[in-house]
Structures are given as structure tokens and as C-alpha cells.
Amino acid sequence: MTATTFLVSDMTCGHCEKTLRGALADVLPDASVSIDLATHKLTVTGDAATAEAAIRDAGYSPERVG
């Protein structure tokens with residue numbers, strides 16, 4: 001499965017991480033999600049467009065970096 005990395009500069013704390021993990025699990029239940037709060041990077045497997053939409057719908061501003 002292809003992994004996509006997003007820079008989510010407004011993801012700043014554990015609550016943000018929990019919110020994003022839940023939002024992604026709702027739309028991509030089999031996806032692997034890796035979050036690095038220090039660098040504001042989120043990497044997810046699965047459809048990148050679906051993941052990006054879920055992140056935006058959760059109230060965050062993702063920028064695709066890979």
C-alpha cells in the first residue's frame with residue numbers, strides 16, 4: 001500500500017493526534033497511521049485524497065509532502 005506524508009502544522013498535541021487517528025480510521029479502517037507531533041508530520045497508507053479530505057473535515061490544514 002502506498003504511504004503519503006502530510007505536514008499538518010496545526011496538529012500540536014495529543015488531542016489533535018487522537019482526533020486525526022479517529023478521523024482516518026473512520027474512512028480508511030485498514031490504514032497504517034504514523035504521527036510525529038514534533039515535526040507535525042502524519043503518514044498514512046491508503047488513498048491520499050480520502051486521507052486528505054478526512055484531515056480537512058476534522059478541522060486541520062494538511063499539506064501533502066510525500
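**Alanine 58 and the protein around it**

Alanine 58 lies in the loop that runs between α2 (48–57) and β4 (62–64).

Visitor: In what order do the elements of the protein run from the N terminus on?

Guide: This is a predicted model, and the protein in it has 2 helices and 4 strands. Read from the N terminus on, these elements follow the order β-α-β-β-α-β.

Visitor: Does alanine 58 count as buried, partly exposed or exposed?

Guide: A residue is buried under 20% relative accessible area and exposed over 50%, with partly exposed in between. Alanine 58 has a relative accessibility of 27%, and therefore it counts as partly exposed.

Visitor: Which residues does alanine 58 touch, not counting those up to four places away in sequence?

Guide: Contact here means heavy atoms within 4.5 Å. With residues up to four places away in sequence left aside, the ones that alanine 58 touches are Thr19, Leu20 and Ala23.

Visitor: What distance separates the C-alpha atoms of alanine 58 and glutamate 17?

Guide: Along the chain, alanine 58 and glutamate 17 are 41 residues apart.

Visitor: What is the radius of gyration of the protein, and why does it agree with a compact globule?

Guide: The C-alpha atoms of the protein fill a box of roughly 25 × 20 × 15 Å along the principal axes. Because a compact globule with 66 residues would have a radius of gyration near 11 Å, there is agreement with the value for the protein, which is 10 Å.

Terms used. Residues are numbered from 1 along each chain as its sequence is written. This is a predicted model: local features need pLDDT of at least 70, side-chain atom pairs count only at pLDDT 80 or more; totals for chains, interfaces and linings use all residues. Side-chain values use heavy atoms; hydrogens and water are left out. Buried means under 20% relative accessible area, exposed over 50%, partly exposed in between (1.4 Å probe, protein chains only). The radius of gyration is taken over C-alpha atoms; the globule rule is 2.2 Å times the number of residues to the power 0.38.
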